[in-house]
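I opened this notebook to keep track of what I looked up in the model, in the order in which I looked it up.

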Amino acid sequence: MKVLLVEDDEDIAEPLIVGLRREGFEVQHVSTAAAALAAAPPDLVLLDLGLPDAHGFEVCRQLRARSSVPIIMVTARDDEIDRVTGLELGADDYVVKPFGFRELAARIRAVTRRTAGTQVFNGTQQLGSLEIDRREHRVVLDGEELALTPKEFDLLALLAVDAGAMVTRRDILAEVWDPHWYGTTRTVDVHIASLRRKLGHPDWIETCRGVGFRLAVPQ
Ligand code: CA
């Protein structure tokens with residue numbers, strides 16, 4: 001997944017680039033509004049509002065006018081006006097400086113999940129021999145369509161949004177079932193087990209012991 005980082009402060013940009021790359025994101029860094037608008041279309045934009053050549057709002061407005069790329073604004077002040085204006089201009093979320101890296105990574109994943117299917121992946125996503133068509137709710141493996149239940153499909157689609165990244169059981173329950181789910185995480189394990197069986201190779205879904213799961217193309 002390609003992240004365009006628009007940030008003129010090198011002291012903020014540098015650790016962010018390192019952290020995002022460690023999390024598996026591809027990062028392109030620019031430090032002006034003009035460069036942001038000229039950059040190749042990314043999968044997500046992290047946009048600082050205080051830029052040397054234009055306000056981040058203007059960048060947000062222009063990006064939104066031509067694409068539905070997810071945008072997370074980075075603001076120096078927790079200012080209600082900034083927040084409302086930014087969201088009105090089409091930003092998907094915002095973080096306030098100083099922010100923890102884990103918080104930012106979680107926001108990126110949340111925004112990506114919310115917008116998946118409509119923006120991040122238009123049409124079919126290909127992962128090795130696996131094809132996921134979110135519009136048609138179809139999954140094809142080695143040319144054969146898999147008969148998945150709706151929950152199994154949602155589960156696979158969620159894990160595939162950022163393949164290789166770990167998704168916690170709690171996030172899975174919140175996204176695939178309901179944010180107010182009061183059942184046990186055993187439900188997730190049961191569905192993972194049946195999805196694994198249908199995928200035919202246990203390595204498609206790796207278990208991160210006690211925490212969650214990640215989708216990986218078997219070697
Ligand atoms: Ca700045």
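**Entry 1: domains**

I noted before anything else that this is a predicted model. I then looked up how the protein chain is divided, and found domain 1 (2-118) and domain 2 (122-215), with 28 Å between their centres when these are taken over C-alpha atoms.

**Entry 2: the cavity**

How many cavities of 30 Å³ or more does the structure hold? I found 1, and the space in the largest cavity comes to about 70 Å³. I wrote down its lining as Met1, Phe25, Ile108, Arg109, Thr112, Arg113, Leu158, Leu159, Val161, Asp162, Ala165 and Val167. By kind, I have 8 nonpolar, 1 polar and 3 charged residues in this lining. Helix H5 (101-115) and helix H6 each contribute at least two residues to it, and the largest share, 4 residues, is that of H5. I also checked the domains, and both domain 1 and domain 2 give at least three residues to the lining of the largest cavity.

**Entry 3: the pocket**

Arg109 was already on my list for the lining of the largest cavity. Which helix gives the most to the pocket lining? I found that H5 does, with 7 residues, while H5, strand S10 (167-168) and helix H7 each supply at least two. I counted the lining of the largest pocket by kind as 8 nonpolar, 2 polar and 6 charged residues. Here too the lining takes at least three residues from each of domain 1 and domain 2.

**Entry 4: helix H6**

Is H6 mostly enclosed or open, judged by its buried residues? Since 9 of its 12 residues are buried, I record H6 as largely enclosed by the rest of the structure. The buried ones are Glu152, Phe153, Leu155, Leu156, Ala157, Leu158, Leu159, Ala160 and Val161, and of these I had met Leu158, Leu159 and Val161 in the lining of the largest cavity.

Lys151 also lies in H6, but its relative accessibility of 30% makes it count as partly exposed. Leaving aside neighbours within four places in sequence, I found Lys151 in contact with Val176, Trp177 and His191. I also looked up its separation from Ile17, which is 134 residues in sequence and 35 Å in space, C-alpha to C-alpha.

**Entry 5: helix H8**

I repeated the length check on helix H8 (residues 186-199), where 14 residues at 1.5 Å each should span 20 Å, and the end C-alpha atoms are 20 Å apart, in agreement. The buried residues of H8 are Thr187, Val188, Ile192, Ser194, Leu195 and Leu199. What covers them? I found that the cover includes strand S7 (130-133), strand S8 (138-141), helix H6 (150-161), helix H7 (169-177), strand S11 (205-208) and strand S12 (212-215). Just after H8 comes Gly200, with a positive phi of about 85 degrees.

**Entry 6: Arg169**

I placed Arg169 in H7. Is Arg169 buried or exposed? With a relative accessible area of 14%, Arg169 is buried, the limit for that class being under 20%. Beyond neighbours within four places in sequence, its contacts are Thr185, Val188, Asp189, Gly210, Val211, Gly212 and Phe213. One of these, Val188, is among the buried residues of H8.

**Entry 7: backbone angles**

His137, in the loop between S7 and S8, has a positive phi near 55 degrees, and is partly exposed at a relative accessible area of 46%. Asp142, in the loop between S8 and strand S9 (144-145), has a positive phi of about 50 degrees although it is not a glycine, and counts as exposed at 58% relative accessibility.

Key. Residues are numbered from 1 along each chain as its sequence is written. This is a predicted model: local features need pLDDT of at least 70, side-chain atom pairs count only at pLDDT 80 or more; totals for chains, interfaces and linings use all residues. Side-chain values use heavy atoms; hydrogens and water are left out. The expected span of a helix is 1.5 Å times one less than its number of residues. Buried means under 20% relative accessible area, exposed over 50%, partly exposed in between (1.4 Å probe, protein chains only). Contact means heavy atoms within 4.5 Å. On a 1 Å grid over the protein atoms alone, a cavity is a set of points where a 1.4 Å probe fits but cannot get out, and a pocket is an open set with protein on both sides within 12 Å along at least five of seven lines; lining residues have an atom within 4 Å of a point. Grid points are joined across faces, edges and corners, and a volume is the space filled by probe spheres set on the points. Ala, Val, Leu, Ile, Met, Phe, Trp, Tyr, Cys and Pro count as nonpolar, Asp, Glu, Lys and Arg as charged, and the others, Gly among them, as polar. Domain bounds come from an automatic or database domain assignment.
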